[in-house]
Structure formats: C-alpha cells, structure tokens
Amino acid sequence: MRILLSNDDGIDAPGLAILERAAALLSDDIWTVAPSGNRSGFGHSITLRQAFAVEQVAPRRYSCTGTPADCVIGAMHWVFRDGAKPDLVLSGINEGRNVAEDVSYSGTMAVAREAALCGIAGVAFSMPRDSQAYGDDEVAWLAARIEGFWNTRQEWAQEGHWLSVNLPRTVPAPMRSARIGRDKCATRVIIHAEDGRSARIEPLADRNYATTPGDENSLIDSGIASVTCLNWMGHALVPAGALSELDGALEQAVA
C-alpha cells in the first residue's frame, strides 16, 4: 500500500511526525509532501498563474512552498509522475480540532478533499492542542484505526467522500460517528494599526466551543474520537420560490 502524507502545519510539525510513525506500521511505501511552513486556514486554495516549488529534503520526503492542496497536486503530477499513485492519503495530525465550519477553512481538510477529487481515499486527522504525548502504544492504536479505515474504504471513499477524524486528548479511545456542529471560529481579531483609510487586521483562531449532544465538540470533550464523512459535492435543492420570482420577471419582460 502506497501512502501519501501531508498537512497544513508544515513539514516539521509534531503531528505529522506522529502520523508518519503510525503509517510506517502499515506500509514500507510511505511518502510525505508537506508545506515548507505553516499554512493553517488556507482552505482549498491552489496556486495559479505562478509556480510553487517542491524539494526533496530526505528520501521520500518533500517540502512544498505552496498550499496544502498544492502538496497533493505536486505529488500527483511530479513526485509520482513516473510511478504508481498513492492508494491512501493521510492528512494531519492537525494542531487543534477541526470542527464545524473548519471544514471550509482548514488546509488539513483540503489535503483529504484533494485526494477525494483525485479518486483516492483520504482521511484527515486533528487533535486538541492540549493532547497527550504519543508513545509507542498510542501510535500503534492510531495505526490500527487507519488500517480499519483502509479495510472499509469501499463503504466511505466513494464519489468524492473523505473522512475527518478529531482525536480526543487521550487515546486509546472509542470512536463514534459525529454530527457537524455549529462552532464559530475566528470570533475575535486584533487591529494592529489603523487610520481613517486603512487597518491591519489579524483574525484569531479563537472559537466559542459551542456544542450540542452528538456533534464533534461533545464527543471530543467526552474522550471519544469523532468521525465525520464529508464530500466535496455537497449541495441542496434550490427552493422553487427562489426561482419563481425570477421566472415571473422574465415572462413580463418577454411579454
């Protein structure tokens, strides 16, 4: 099994090192293409109309100056250009939980989403910033969970779906399906400088930790690993009323 790893915290992030250790228990064909620095909050942005660089820093390990999604793009189109594509893409482990609207903002999510766009099974991992250190037992537990996801991929990795796993502060832990919550992040900003015409604004990663039973936050804070199955093509039907007024205006214009 060929496994590609990436993240949004950067190639030197401790969470990525944990994920690499876990993946190495499952395969000897492990590759890492990760950002050269922190790219938190970059969402699914990709680099267009300019180039990004991918540089080998160790055997099967590459640093990328682009976004988290660029890391996957660079891997598919250059690192694996003359060889087999990955069977599984793992993202993280993110420093901080990824819940609620983080699905849109998170570069960790973008790695798994880009894998889904490529037709490859992808799993994104996150954990609270005050989580325990991971020793051999914790890494072995994580590897077993990854193996379980791999063995059941036919059930969830279909038509653009990927998994988001929020680990609790301490593992081993039970794992449950979660409902996406409504926890707003970036609720505060710092105004570093301003005048009558401009301002320098820094959004903070603060969140309210709002929760209702069964959502990601409630599971994480109960010591349970939260799992959601997401897809990149999510949409809802357009209500008929939203179109009827437009149709009426067009009919009047034609008349």
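Student: Which residues make the nonpolar surface patch of about 280 Å²?

Tutor: This is a predicted model. A residue joins a patch only with over 30% relative accessible area. W232 has 44% relative accessibility, so W232 is partly exposed. The nonpolar patch of about 280 Å² is formed by L117, W232 and M233.

Student: How many residues of strand 7 are buried?

Tutor: Buried means under 20% relative accessible area. Strand 7 spans residues 161-166 and is mostly covered. The number of buried residues, out of 6, is 5.

Student: In which sense do strand 7 and strand 11 run?

Tutor: The two strands are joined by 6 bridges. Within this pairing, V165 stands opposite V227 of strand 11. The sense of strand 7 and strand 11 is antiparallel.

Student: What is the bridge partner of V123 in strand 7?

Tutor: Strand 6, residues 121-127, pairs with strand 7 in the parallel sense over 4 bridges. The partner of V123 in strand 7 is L163.

Student: How many disulfides does the structure hold?

Tutor: A disulfide needs two cysteine sulfur atoms within 2.5 Å. For C118, the nearest cysteine sulfur is that of C71, 13 Å away, and C118 is in no disulfide. The count of disulfides in the structure is 0.

Student: Is C185 buried or exposed?

Tutor: The cut-off for buried is under 20% relative accessible area. C185 has 9% relative accessibility, so C185 counts as buried.

Terms used: Residues numbered from 1 in each chain as written. Predicted model: local features only at pLDDT ≥ 70, side-chain atom pairs only at ≥ 80, totals over all residues. Heavy atoms only, no water. Buried < 20%, exposed > 50% of the residue type's maximum accessible area, 1.4 Å probe, protein only. Patch = residues over 30% accessible without salt bridge, like charges linked within 9 Å, V, L, I, M, F, W, Y side chains within 5 Å. Areas by Shrake-Rupley, 256 points an atom, 1.4 Å probe, with all protein chains shown as cover. Salt bridge = Lys/Arg side-chain N within 4 Å of Asp/Glu carboxyl O. Pairing = 2+ DSSP bridges.
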